[in-house]
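Here is a short report for a reader new to this structure. Take a look at the sequence and the model first, then read on.

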Amino acid sequence: MSEKKQELQVAALENGTVIDHIPSENLFTVVSLLGLERMSNNITIGFNLKSKKLGKKGIIKIADKFFCDEEINRIAVVAPNVKLNIIRDYEVVEKREVSLPEELRGIVKCANPKCITNNEPMPTLFHVVDKENCVIKCHYCEKEQRREDIEII
């Protein structure tokens, strides 16, 4: 098989967004965080694809959808080195790396069982105190959590 055919594991996209280099184990968490299961757009999901960097990776292609920074940066919690490609007329017009936002609202569960967010019907709010190591701090009880301890709501 030619190299070109091997590269085309996933169909080309005319217009939309490609989210690439997602660790395979986090692919479906990313799908959920972005609410893709509720979209009517044409969505292609590649799972356990070969990757030189990750060994295996996931990729998501969403036709005719362009996310705002806030939507995309949510996934940095579970997939920190994801690459985002904006496609127009089958051409990549913009490439970005996903980064943690300053705040995470309603995404992460607080690890403190006594925190008000675990005892009252209210959304969580965390401040990112260390972007590189993904350390977040609850706005209400000030409990700090690291990436490996984070539970997505």
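## Cys-138 and its contacts

Cys-138 touches Cys-110, Cys-115, Leu-125, Phe-126 and Lys-143, not counting residues up to four places away in sequence. Contact means heavy atoms within 4.5 Å. Cys-138 lies in strand 9 (residues 135–138). Strands are DSSP runs of E, at least two residues long, and are numbered from the N terminus. Cys-138 counts as buried because its relative accessibility is 2%. Buried means under 20% relative accessible area, exposed means over 50%, and partly exposed is in between (1.4 Å probe, protein chains only).

## About the model

This is a predicted model, in which local features need pLDDT of at least 70 and side-chain atom pairs count only at pLDDT 80 or more, while totals for chains, interfaces and linings use all residues. Residues are numbered from 1 along each chain as its sequence is written, and side-chain values use heavy atoms, with hydrogens and water left out.

## The annotated cysteines

Which residues does the UniProt annotation "binding site" cover? In this unreviewed entry, the annotation covers Cys-110, Cys-115, Cys-138 and Cys-141. They span 32 residues in sequence, yet no two of their C-alpha atoms are more than 8.8 Å apart, so they gather at one spot. UniProt positions are given in the numbering used here, feature names are shortened, and annotations may be inferred rather than shown by experiment.

Cys-115 lies in the loop between strand 7 and strand 8. Cys-115 has 2% relative accessibility, so it counts as buried. Its contacts are Cys-110, Cys-138, Tyr-140 and Cys-141, leaving out residues up to four places away in sequence.

## Thr-117 in the loop

Thr-117 is placed in the loop between strand 7 (108–109) and strand 8 (125–130). Is Thr-117 buried or exposed? Thr-117 counts as buried, because its relative accessibility is 10%. Thr-117 touches Cys-110, Met-122, Pro-123, Thr-124 and Tyr-140, again not counting residues up to four places away in sequence.

How many disulfides does the structure hold? The structure holds zero. A disulfide is a pair of cysteine sulfur atoms within 2.5 Å. Cys-134 is in no disulfide, and the nearest cysteine sulfur, that of Cys-110, is 14 Å away. Cys-134 is buried, with a relative accessible area of 0%.

Cys-141 is in no disulfide either; the nearest cysteine sulfur, that of Cys-110, is 3.6 Å away. Cys-141 is partly exposed, with a relative accessible area of 28%.

Two strands pair if DSSP finds at least two bridges between them.

Strand 3 (residues 55–63) is mostly covered, with seven of its nine residues buried. Strand 2 (residues 43–51) pairs with strand 3 over seven antiparallel bridges. These two strands form a hairpin with three residues between them. Ser-51 stands opposite Gly-55 in strand 3. Strand 1 (residues 16–23) runs antiparallel to strand 3, joined by six bridges. There, Ile-19 has Ile-60 in strand 3 as its bridge partner. Strand 4 (residues 83–88) and strand 5 are antiparallel too, joined by six bridges. Ile-87 has Val-92 in strand 5 as its bridge partner.

Technical notes
Helices (H or I, at least four residues) and strands (E, at least two) are DSSP runs, numbered from the N terminus.
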